[in-house]
Amino acid sequence: MSYSVLAPIYEQLMDDVLYTIYLDLILKYSTPSKVLELGCGTAYLSRELAKLDYDATAMDNNEEMLEMASYYAGNDGVNITFLQHNITEAITGRYDLIIMPVDVINHLNTKDEVYQLFKHVFNSLNNNGLCIFDSLKCTYIESLIGHNEAILIEGYDIEWEVKSVNLHCAHQHQVTVNKVTETHITKGYLEEDLYQMISAFNVIDKIELEERIIYVLKQKEK
């Protein structure tokens, strides 16, 4: 799923509590420096960090999301570097902090893809760099199968349906906005598998929520 159909209303669908936790963790473990938001969507966190004098870069694979992110950044009067980027590919530039908020890694459907992502993150961090990300729990992912709802936001008719797929700890989202439909698979990972995929980092903090776990990683010595 490219999220193109959701780009105009993505901000209205955000989890404010989750973003507040991210901001608290970022400010706890870092000072204004070079930060990269991977899978940025409309780049809410990048905008907030730019206001606090962070040098922010925001990357997303979706052109419509980046257009909305740039629009919001202009309204906020902040300077952010926006780049179109697929998270399975090597990362341009070097950063002190890389954040991947709101189940970015759950858009990857294999362990190999997740491992490669963290390899790219490791290689793009300056020495002792930090990474903050979250991952949905398998129990939560599986609990959503069969869920459907219809909502109206600012003139956009949204229909959301969650279906089963032939993958462990996964489901398929089908989202229809004003009769335009997109689908994507959400895939979770057991924590013991995830720790293997992030073995190049030390876990220095972890926050467990009902539906997800947020990790704060510090790069091991290169």
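Strands E6, E7, E8 and E9 line up in that order as an open, antiparallel sheet (strands being DSSP runs of E with at least two residues, and helices runs of H or I with at least four, both numbered from the N terminus; two strands pair if DSSP finds at least two bridges between them). The edges belong to E6 (148–153) and E9 (180–187), each with a single partner strand, so one side of each has no neighbour in the sheet. From one strand to the next the twist averages 20 degrees. E8 (residues 170–177) pairs with E9 in the antiparallel sense over eight bridges, and His173 sits opposite His184 in E9.

All of this comes from a predicted model, where local features need pLDDT of at least 70 and side-chain atom pairs count only at pLDDT 80 or more, while totals for chains, interfaces and linings use all residues. Residues are numbered from 1 along each chain as its sequence is written, and side-chain values use heavy atoms, leaving out hydrogens and water.

Turning to the helices, the axes of H1 (residues 16–29) and H2 (residues 44–51) come within 11 Å and cross at roughly 40 degrees (axes are lines fitted to C-alpha atoms, for helices over the stretch in contact, with angles from 0 to 180 degrees between N-to-C directions). Tyr19, Tyr22, Leu23 and Ile26 of H1 meet Tyr44, Leu45, Glu48 and Leu49 of H2 (contact means heavy atoms within 4.5 Å).

Thr57 lies in strand E2 (residues 55–60). With 7% relative accessibility, Thr57 counts as buried (under 20% relative accessible area, with a 1.4 Å probe and protein chains only). Beyond its neighbours within four places in sequence, Thr57 touches several residues, including Val35, Ser46, Ile80 and Tyr95.

Methods: Buried < 20%, exposed > 50% of the residue type's maximum accessible area, 1.4 Å probe, protein only.
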